[in-house]
Amino acid sequence: MQAYTSATRKLKRRLGQVVDASRAGRWAASFDSSKISFLPAAVIIPRQEADIGVVLELANRHRVPVTVRGRGTTLMGSAAPVNGGWVIDMLRLNKISIDADAGMVHAQAGATTGDIQRAAAVEGWFYPPDPSSKEYCTIGGNIACNAGGMHGGKYGVTRDFIIALRGFLPTGGFVEWGTATKKFAAGFNLRDLWIGSEGMLGIVTGAVLKLVPQPAARWTLLTSFNDEAAALTAAKVLFRARVQPAICEFLDRESVLCAERATGKTVFPGQSGRPVILLELAGSKGELKEVEREVLAWAKQHTLAFKVARSRAQVEELWAVRRKCSGAMFELGDAKLNEDIVVPMRNYEKFARFLAQLKRSSKLPIPTFGHLADGNLHVNIMYHRANRAETKAAEHAVQKLMETVVSLGGAISGEHGIGLAKTPFLRIQHRPAQVKAMQAVKHALDPRGICNPGKMFGVVRIWKYPKLQIKLPWDHK
Ligand SMILES: Cc1cc2nc3c(=O)[nH]c(=O)nc-3n(C[C@H](O)[C@H](O)[C@H](O)COP(=O)(O)OP(=O)(O)OC[C@H]3O[C@@H](n4cnc5c(N)ncnc54)[C@H](O)[C@@H]3O)c2cc1C
């Protein structure tokens with residue numbers, strides 16, 4: 001990896017202490033949650049937003065690759081500095097202030113999603129996008145990946161809550177896309193171009209986010225079904241009745257069995273390993289009363305069994321199945337291809353049939369769970385790294401999965417983005433003209449290819465790279 005010694009010396013002269021070229025500092029910034037590691041030449045931990053302009057100006061002059069890092073929770077390798085160079089760590093830029101009258105948050109990019117939600121709640125407001133990593137991940141990372149979470153079906157994803165962004169173009173110019181107003185029609189909408197651009201079209205330093213009123217009440221119901229197709233069909237019946245659950249989480253049989261092994265409890269006694277749907281309604285007490293009645297009538301008619309939570313403790317009990325399933329999957333294999341695909345609702349049953357067939361033909365466990373109100377399913381292809389036949393079967397299965405999802409009108413990623421991990425499949429989703437248009441935008445904004453090079457467009461099979469054997473704070477226990 002190139003050392004960029006003279007450029008790093010100049011950077012230290014300009015920014016001093018915020019530049020860390022120690023071995024330990026560089027190592028800590030060399031990987032993200034994909035756990036593949038590429039050592040950068042230095043890490044910059046800015047104290048003020050203007051530092052980032054200085055970094056980019058020098059990076060352009062000396063052609064140093066720059067990778068910006070929120071907290072490194074991405075599973076896609078998108079924050080791994082694959083070409084070395086400099087990493088900008090947004091850790092210290094984490095101020096949050098709430099405009100309680102306007103229902104907006106002003107947040108610096110390094111603020112965590114969990115802190116933003118708590119600050120909003122104090123003022124009676126709610127910020128709905130809630131990646132499961134929210135206690136660690138940053139709003140900058142959420143914007144760069146267009147992160148989602150369980151609330152997506154009712155409320156939307158990060159994109160739906162962005163009012164304005166500010167930050168630096170790859171060439172170092174400071175820009176503000178929009179202002180703190182709910183309407184803005186002045187010029188091209190380059191704000192939306194930044195959302196989901198994975199740190200390749202600029203660096204976000206701050207955002208204005210929209211809030212919605214905090215729901216006064218929540219109501220939780222766990223339901224079970226004969227098989228996956230029955231669960232998916234039943235969910236559609238509910239949506240057709242115009243019920244909009246805040247959360248509608250599906251777990252297939254294999255996921256439920258994983259959770260049951262982890263908790264040592266059967267979710268519904270006498271019905272081990274039945275697929276389930278966990279529903280949560282949110283709203284005012286009055287609104288909920290009416291919808292609860294409708295959902296209970298649906299449950300009586302369309303489910304095998306159901307349980308309503310009557311207390312906070314029971315809510316936690318019902319949630320255990322969802323919280324425990326992911327970690328427990330590692331009993332089925334020491335490697336996981338975790339694919340956050342999206343399937344259009346009209347093709348849910350076709351997808352269920354395809355998945356059953358994929359499990360049979362690959363002979364691999366593929367526990368699948370996800371958000372039914374927006375079709376974003378997490379398909380987890382489990383295998384053992386040391387077993388060549390299983391590794392080959394997993395590679396084949398992921399290719400087949402991506403081709404099928406696109407042929408059903410879906411998407412290869414609903415919330416994680418492309419990074420390195422999804423590069424082999426980008427061209428299944430996008431026609432050559434589309435990829436060319438994206439590359440033209442990249443070139444127009446970043447003519448020297450400074451910002452997060454090596455991502456998105458090249459083909460990298462990251463499962464072939466050696467993985468660090470480390471435990472991260474957000475790894476499942
Ligand atoms: C246990 C676990 C659960 C997860 N659950 C979910 C989930 O439910 N939903 C979901 O959507 N994702 C989920 N994720 C994925 C991940 O947490 C999200 O993609 C998150 O948005 C990444 O945020 P981060 O701050 O860690 O960014 P990083 O991982 O540091 O970076 C991700 C990308 O964003 C870019 N980036 C970061 N900050 C900036 C910035 N300020 N300006 C420009 N680019 C920037 C990076 O260069 C990189 O390309 C999960 C991950 C884990 C480990």
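# Domains, helix pairs and a ligand shell

Author: The C-alpha centres of domain 1 and domain 2 lie 23 Å apart, with domain bounds taken from an automatic or database domain assignment. This is a predicted model, in which local features need pLDDT of at least 70 and side-chain atom pairs count only at pLDDT 80 or more, while totals for chains, interfaces and linings use all residues. Residues are numbered from 1 along each chain as its sequence is written.

Reader: Thanks! Into which domains is the protein divided?

Author: The protein is split into domain 1 (5–91), domain 2 (96–213), domain 3 (217–329) and domain 4 (332–445).

Reader: How many residues of domain 1 are in contact with domain 2?

Author: On the domain 1 side there are 16 residues, in contact with 19 residues of domain 2; a contact needs C-beta atoms, placed from the backbone, within 7 Å. Helix H3 (50–62) and strand S3 each supply at least two residues of that domain 1 side, and H3 gives the most, with five residues. Helices (H or I, at least four residues) and strands (E, at least two) are DSSP runs, numbered from the N terminus.

Reader: What classes of residue make up the side of domain 1 that touches domain 2?

Author: That side of domain 1 has six nonpolar, seven polar and three charged residues. Here Ala, Val, Leu, Ile, Met, Phe, Trp, Tyr, Cys and Pro are nonpolar, Asp, Glu, Lys and Arg charged, and the others, Gly among them, polar.

Reader: Why are H1 and H3 called roughly antiparallel?

Author: The axes of helix H1 (residues 5–15) and H3 come within 10 Å and cross at roughly 155°. Angles over 145 degrees count as roughly antiparallel, under 35 as roughly parallel, 65 to 115 as roughly perpendicular and the rest as oblique, so H1 and H3 are roughly antiparallel to each other. Ala7, Lys10, Leu11, Arg14 and Leu15 of H1 meet Asp51, Val54, Val55, Leu58 and His62 of H3. That contact of H1 with H3 has six nonpolar, one polar and three charged residues.

Reader: And what makes H8 and H12 roughly antiparallel?

Author: Helix H8 (residues 228–240) and helix H12 (residues 348–362) have axes that come within 9 Å and cross at roughly 165°. H8 and H12 are therefore roughly antiparallel as well. Glu228, Ala229, Leu232, Thr233 and Lys236 of H8 make this contact with Tyr348, Glu349 and Ala352 of H12. Its residues divide into four nonpolar, one polar and three charged.

Reader: Why are H9 and H11 called roughly perpendicular?

Author: The axes of helix H9 (residues 253–263) and helix H11 (residues 312–328) cross at roughly 95° and come within 7 Å, so the pair is roughly perpendicular. Among the residues in this contact are Cys258 and Ala259 of H9, and Val321 and Cys325 of H11. The contact of H9 with H11 has eight nonpolar, three polar and two charged residues.

Reader: How many residues surround the ligand, and which are the closest?

Author: There are 36 residues around the ligand, the closest being Gly70, Gly140, Gly141, Ala144 and Gly199; a residue is near if its C-beta atom, placed from the backbone, lies within 6 Å. Strand S3 (66–69), helix H5 (139–145) and strand S10 (203–210) are the elements that give two or more residues to this shell. H5 provides the largest share, five residues.

Reader: Which domains does the shell around the ligand draw on, and what classes does it hold?

Author: The shell takes at least three residues from each of domain 1 and domain 2. By class, the shell has 13 nonpolar, 18 polar and five charged residues.

Note on methods
Axes are lines fitted to C-alpha atoms, for helices over the stretch in contact, and angles run from 0 to 180 degrees between N-to-C directions. Two residues are in contact if their C-beta atoms, placed from the backbone, lie within 7 Å.
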